[in-house]
Amino acid sequence: MRKPLVAGNWKMNLLVADAVKLVEGLKPLVREVSGVDIVVCPTFAALYAVGQALKGSNVKLGGQNCYVKESGAFTGEISPQMLLDVGCTWTIVGHSERRQYFKESDAFLNEKLKFALASGLKVMFCIGETLEERQGGKMNDVLTRQVTEGLKGLSETDFDKVAVAYEPVWAIGTGVTATPEQAEEAHAFVRGLMKAQFGGNVSDAVRIQYGGSVKADNARELMVKPNVDGALVGGASLKADGFAAIVKGAI
Ligand code: PGA
């Protein structure tokens, strides 16, 4: 059995006081939850304060992104070491907004993934097709490229620390969720790719989260699918009760 992983990606939202308030509200709601890995990914500015607020709780801290160097003259970037320093155990790499708005390529994301892992972080590695790609019948090609290039060079043991997040771009922030059947089909396809590239041990064990307009009322029907091992949640992770309900939907 794969342990579900439910993460909140807060994106560029919440000032520090509101971020702390959110996790103070969340902690008691999920205190009794076991059997689910729970992560929140605040803005960089709020990481330290949220990390302090999460001390001793079952909610882990993650970054939304990181760079491929430990330190130096890279204005505006943050290193995995800095994320670890403020209490992160996870980071997201390759979110579609990074790919789309910041032109992050498969090769660069592969470098980021490897550097984050080598630095000691666990990584949620995002993949997913756009609406145009899906409608053009290119979904499988796109996912194949993102998995093949993005995960290139990883070894079996790395996958203790990597989860893959399937996030169809057309479902992110749009209110349009993939149906549980669409999600399951894509997840099964991705798991097959993992099997071909890394073997059965990895493909059996790797967690594949679904992301894209996950809410309290659709979370369970998605996560009950055999190949859906949790969720990466944007908008609905900004409210403690809604996010806690999604977490509980994974059990
Ligand atoms: P959404 O975002 O839940 O707001 O659609 C998901 C994501 O981008 O991770």
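The model is predicted: local features need pLDDT of at least 70, side-chain atom pairs count only at pLDDT 80 or more, and totals for chains, interfaces and linings use all residues. Residues are numbered from 1 along each chain as its sequence is written, and side-chain values use heavy atoms, with hydrogens and water left out.

**The ligand**

Next, display the side chain of His 95, where an N or O atom lies 2.6 Å from a ligand oxygen. A backbone N or O atom of Gly 234 is 2.8 Å from an oxygen atom of the ligand, and for Gly 235 the corresponding distance is 2.9 Å. The protein buries 95% of the 280 Å² that the ligand exposes when taken alone (Shrake-Rupley method, 1.4 Å probe).

**Helix α8**

Select residues 180-198, which form helix α8; helices are DSSP runs of H or I with at least four residues, and strands are runs of E with at least two, numbered from the N terminus. Its 19 residues should span 27 Å, and the end C-alpha atoms are 26 Å apart, which agrees; the expected span is 1.5 Å times one less than the number of residues. Among its buried residues are His 187, Arg 191 and Phe 198 (buried means under 20% relative accessible area, 1.4 Å probe, protein chains only). The buried residues pack against elements including β5 (122-127), α7 (139-150) and α10 (216-223), where contact means heavy atoms within 4.5 Å. Just after α8, Gly 199 takes a positive phi of about 95°.

**Lys 27**

Select Lys 27 in helix α1 (residues 16-30). Lys 27 counts as buried because its relative accessibility is 17%. A polar atom of its side chain lies 2.6 Å from the backbone oxygen of Ala 53. Beyond four places in sequence, Lys 27 touches Ala 53, Leu 54 and Ser 57.

**Pro 80**

Finally, select Pro 80 in helix α3 (residues 80-85), buried with a relative accessible area of 0%. Pro 80 and Phe 115 are 35 residues apart in sequence, yet their C-alpha atoms are 7.9 Å apart.

Key: Polar contact = N/O pair within 3.5 Å; in protein donor to acceptor, adjacent residues only side chain to side chain. Buried < 20%, exposed > 50% of the residue type's maximum accessible area, 1.4 Å probe, protein only.
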